[in-house]
Each structure stands twice: as structure tokens, then as C-alpha cells.
Amino acid sequence: MCRGLRKVYGDLEAVSGLDLDVPRGNCFGLLGPNGAGKTTTLRMVLGQSPRTSGVLSIFGESIDSNLREIRQRTGIVPQADNLDPDFTVAENLRIYGLYFRITSSVLEHRIPKLLKLVELDHRATDRISTLSGGMKRRLILARALINDPDLLVFDEPTTGLDPQARHMIWSLIHRLKRNGKTILITTHYMEEAERLCDEIVIIDHGKLLAQGAPGEMVRIHCQKEVLEIRGELPDRLFDNLGYKRNRFEQAGDTYYLYSDDTTELLETAAVLPELACLHRQSGLEDVFLRLTGRELRH
Amino acid sequence: MDWQLPLPRLETLAVWRRNALVWRRMIGASVLMHFGEPFILLIGLGYGLGRFIGEMAGIPYFAFLASGFIAWSAMNVASMEAMWSVYTRMVPQQTYEAILATPTRVDDIVIGELLWCASKSLVSGSAILVVATVLGAVADWRAILALPAIFLTGFCFAAPALIMTALAKGYEFFTFYLTLVMTPMFILCGVFYPTASLPAPMQTFVQFLPLTHAVALIRPLVVGQPVIDPWLHAGVLAFCGFFGAWIAVVLVRRRLIV
């Protein structure tokens, strides 16, 4: 839970007055383009970065007076691969347990289970440098679970992963959610947000732009369907479409026409036989681009 | 800046233990270095030069040099660890970033690292002490008392080196400290000859360098002479260590908590 969260670096206001409520047991997504203030927000929420102003509490406790207790119950999956290269896979978990002051007997019991969960049990004695990117991510996830946290925070968990690894991480996050963990996730992948999150907020320039369940967001902020047109539009048609304020967008050489009326879109497509047209349902990505992207409205 | 005094807690030991576990893995190379280097140095310089010099300040030159080397090595080992190794963990490896996601805090990390640096000094100093004993340079059992002095010296020098690390943008920055601070101390602070043989203004100047006090504390304990002003020397080392550690914690907080 946070109120009026702000962060100013010199002249730059990275986060300007965010209010967020993450209900217990939910998966909550923080979406925004690069540089929107997602990571800064997370760092403040985790007490890793001082706030310029605002009130923050986790598990109903103030982060200023109870940071240590909050950390004991929080697992963090950072964006960067900061595994300890001086140790093996299993040792990484053991050393990390030391920082939480978890006893050896608990660790010896917990580590094999965690390695099995992320399917790295066969690599327990291997050095970190021999792991692939996806394996490292999985190990970081296992590391974040070493203290059996109630809250898990993921900062762009699948950036740079291949589809196999991505799906594996997603299914692990689903599993954690089923086990009653509260999950806070930042991402700029809409598919990820749609699959995982009960509720999302879209932020840009440190401000909240929209909030809601993914499906609901699409309904509120976008027409049902979209026609993507690629190529040079004839002037006449351009003027014609340009009148449909708020339903017509341009990005580079691609034009987007949004509508709740399928026939209208198909008719438009029919008069453009020489251009590549794609007719599809609108999704979260459309909402995202409309709210954060550079739009040209004529 | 957060000028609050460092408040290390039990997690400090976790940071120390992490480093000790890494070190244990490379113990072969480490033992070879800690015993082999002083052995060659002492045999070569101690006997080689000692043959011409005989005694210095009433001590056989071999023993004079061995005791000076112990103090110098405490400075050197702690400084190197606090610069190159700590920087590696802080910047390219992002080890501290990972640790800071746990209940362990910057204060625990910095104090844990400083204690680790001092521990490495203790290992290295003890190794030279053993070599010196085998080669007959150590007077009596009182040399054991040099061990806490070696640890204190290591801590005292780890702190300013860690300040350099907190300010460093890259490894090349450490060359300045090495050349402008550590090398002059190595040459001037009484490792090779008594500071009393320096020109008068220099004698005053070297009193402000902590290595002078480390040598003045460790040498008599090793060669079996009475220590003059032991509390002054220990006090200077403790003072530098304490304030150095404080500033190091403040600077690392500023660097990592942004």
C-alpha cells in the first residue's frame, strides 16, 4: 500500500504521486514503457531507495520502522542477474539463506525442494557461469523463495528469455499465486500481464494512467476490434479515416483503426486491396500504446 | 547523506562468512602466496642485505626486516582486498545489490567486509610470523601479542581503502591511492630502516602516517623489545579504523541506496 509516493532525482521527477493498493493474495502488475518509473517505484516499495515523499506500508506495517521484518517476509527477483559467481547453484541458495539468518538445518531441508521446483536439481553442484540465461532466472526465482516469503516481487522476470523459459517462469508464478503468495510484478510485456495479473496499473512519466483488471481495461479504454494497415494510405482515405477521432492512430508506416463494428473494419479493408491489412481483436497492448505511445490524431 | 553511525548486527557475520567460504575454496594458492612470498623475500633481502648491514637499531637486520614486513603486509593485504575485491563484488558482480534485498543492510556489508579484510591481514601476518620464527627472527612467546596488532592494522587500512572503493568509477582509480598513499608509507614508515634516520621534518610527517604506528607496535613485540607508547600506537590505528569505517559506510550508503 502506498500513498502519494514521489521520487525526485535532481531536476527529474521519476515518480510523481503514486497511490497503489496491492490486495493480499493478488497478482498485481505495474506496467509502463522503459523509463516510466517502474523500477524506481519497486525500489522505493522495497526500501532500497529513499522516498522523496509519500507513505508506504507492507503487511500493514510501516516500511520505515519495520523494514527488517518486512524483508524477512519478502522475496525479490531483480532485473539483473546478480547471482554470486563465486559459488555453485546450491551454494548460492545456502549463502543467500545466511543473509536471512536461516539455520543450516532449515536450509538443508529447503534447498533440494527449491531446486526441484525450478528444475535445477541436476545442476546443484555446477558453477553459475555454466548456466544458461533461463536457468539463471530460475535460480534467482528459487533464491527469492529461500525465506518462504509471503510477498514476491518480480522486476521484469522474463525479459530476454526464450519462449520455453518464459512459459516455465509463468507457470511457476501461477503456482506461487495458487499457494496464496501476494505477487507484485513489473513488465512491459502485455501478454505476461494478461496471463498473470488480477489487476494492473499503467504508469508513464511517474504518473498513473489507468488501473483495473486486464480485461476490463481493454473494454474501457479501447474498441473491441482493430484493423492494422501497413503501407502508404491514399490521401483521400487518409482524410476520411482521420475524422474518426480517437479511433485512428499512426505509428511509423502502420495505421490502426479501432472500432466496435466489424463490418466497418472489413469494408475499409476491402477498399485497400493493395495494402497489407490485419483484422484482429484489440488487446492490452492496444490500451498500453494508446495510453503511453506517441499518437498522431488527425 | 546519512551520517548515522554504523550499526552492524549479526548479519555482518554472514558477509564475513561468505568471503571466508570463497577463500577456503582457493586455500592452496592462498597458502602458497602467504608463506612462499615472505619466505623468498626474507631469505633474499634479510640474509642478502643483512650480511652487509649486520644490525639495525640494535636488532639483527633479518629480524628488523621481518617485523617490518609483517606490518607492511597487514596494510597491503587489507588494502588490496578492500579495493579490488570489494569493488568487484560491489560493481561488476552486483553481489551487494542481491544482499540488499535481504534483511542484511549496507552497514552489515561494509563492516563485514572490513572485518574480512582484517582477517586476511591476520592470515598473511601470521604466515610471515611463522616463517620468521622458523628462520630464527622471533625472540619469544610475546610475539603472539603481535596478532591482535596485525588484525587492528588490517582493519585500520581496510577502512580508507574501502572509502576509495566507494568513490571509484573503475579499477584504475586505485592506482592513485596505491602510488600516492601506500607506496610512500611502504618506503617511509620504518619498514626498511628506523624512522629516526629520516630528516627531522620528515620524522614529524611520518608520525601522521598510520603505518609508522603499526610498525612501532608490531616490531618490538616480534623481536622481543619493550613497546614504547603502546596505547598511543594502538589508539592511532583504532582511531583511523573507526573514522575510516564510518566514512566508508556513509559513502557506500550514498552509492548503493539511491
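**Entry 1: α2 and α5 of chain B**

I began in chain B with α2(B) and α5(B), which I noted as oblique to each other, because their axes cross at roughly 45° and an angle between 35 and 65 degrees is neither roughly parallel nor roughly perpendicular. I kept in mind from the start that this is a predicted model. Helix α2(B) runs over residues 27–53 and helix α5(B) over residues 106–134, and I found that their axes come within 9 Å. Looking at the handedness, I recorded that α2(B) passes α5(B) in a right-handed crossing. From α2(B), the contact is made by H34(B), F35(B), P38(B), F39(B) and L42(B), while α5(B) brings V123(B), S124(B), A127(B), I128(B), V131(B) and A132(B) to it.

**Entry 2: α3 and α5 of chain B**

I stayed with α5(B) and turned to helix α3(B), residues 61–90, whose axis comes within 8 Å of that of α5(B) and crosses it at roughly 150°. The two helices, α3(B) and α5(B), are therefore roughly antiparallel, and I wrote down their crossing as right-handed. On the α3(B) side I listed the residues in contact as A66(B), F69(B), I70(B), S73(B), A74(B), V77(B), A78(B), E81(B), A82(B) and V86(B). Across from them, in α5(B), I found E113(B), C117(B), A118(B), K120(B), S121(B), S124(B), G125(B), I128(B), L129(B) and A132(B). By class, the contact of α3(B) with α5(B) divides into 13 nonpolar, 4 polar and 3 charged residues.

**Entry 3: α6 and α9 of chain B**

Next I looked up helix α6(B), residues 146–167, against helix α9(B), residues 210–223, and found axes that come within 9 Å and cross at roughly 170°. That angle makes α6(B) roughly antiparallel to α9(B), and here I noted a left-handed crossing. In α6(B), the residues A146(B), A149(B), I150(B), T153(B), C156(B) and F157(B) meet P210(B), A214(B), L217(B), I218(B), L221(B) and V222(B) of α9(B). I counted this contact as 11 nonpolar and 1 polar, with no charged residue.

**Entry 4: what the record says of chain B**

I then went to UniProt, where an unreviewed entry lists "transmembrane region" at residues 26–49, 61–80, 122–139, 146–168, 174–193 and 231–252 of chain B. In the model, the listed span 26–49 of chain B is 96% helix and 0% strand, with its end C-alpha atoms 34 Å apart. For residues 174–193 of chain B I noted 75% helix and 0% strand, and 27 Å between the end C-alpha atoms. UniProt, again in an unreviewed entry, places "domain: ABC transmembrane type-2" at residues 29–255 of chain B, a span that I found to be 77% helix and 2% strand, with its end C-alpha atoms 33 Å apart.

**Entry 5: chain A and its side towards chain B**

Chain A is divided into domain 1 (2–213) and domain 2 (223–282), and the centres of the two domains, taken over C-alpha atoms, are separated by 39 Å. For "domain: ABC transporter", an unreviewed UniProt entry lists residues 5–230 of chain A, and I recorded this span as 36% helix and 27% strand, with 41 Å between its end C-alpha atoms. Finally I checked the chains against each other and found 18 residues of chain A in contact with 19 residues of chain B. On the side of chain A that touches chain B, α2 (67–72) and α3 (89–99) of chain A each supply at least two residues, and the residues of that side divide into 9 nonpolar, 4 polar and 5 charged.

Notes. Residues are numbered from 1 along each chain as its sequence is written. Chains are lettered from A and ligands numbered from 1 in the order in which they are written. This is a predicted model: local features need pLDDT of at least 70, side-chain atom pairs count only at pLDDT 80 or more; totals for chains, interfaces and linings use all residues. Axes are lines fitted to C-alpha atoms, for helices over the stretch in contact, and angles run from 0 to 180 degrees between N-to-C directions. Helices (H or I, at least four residues) and strands (E, at least two) are DSSP runs, numbered from the N terminus. Angles under 35 degrees count as roughly parallel, over 145 as roughly antiparallel, 65 to 115 as roughly perpendicular and the rest as oblique. A crossing is left-handed if the near helix is turned anticlockwise from the far one by less than a right angle, and right-handed if clockwise. Two residues are in contact if their C-beta atoms, placed from the backbone, lie within 7 Å. Domain bounds come from an automatic or database domain assignment. UniProt positions are given in the numbering used here, feature names are shortened, and annotations may be inferred rather than shown by experiment. Ala, Val, Leu, Ile, Met, Phe, Trp, Tyr, Cys and Pro count as nonpolar, Asp, Glu, Lys and Arg as charged, and the others, Gly among them, as polar.
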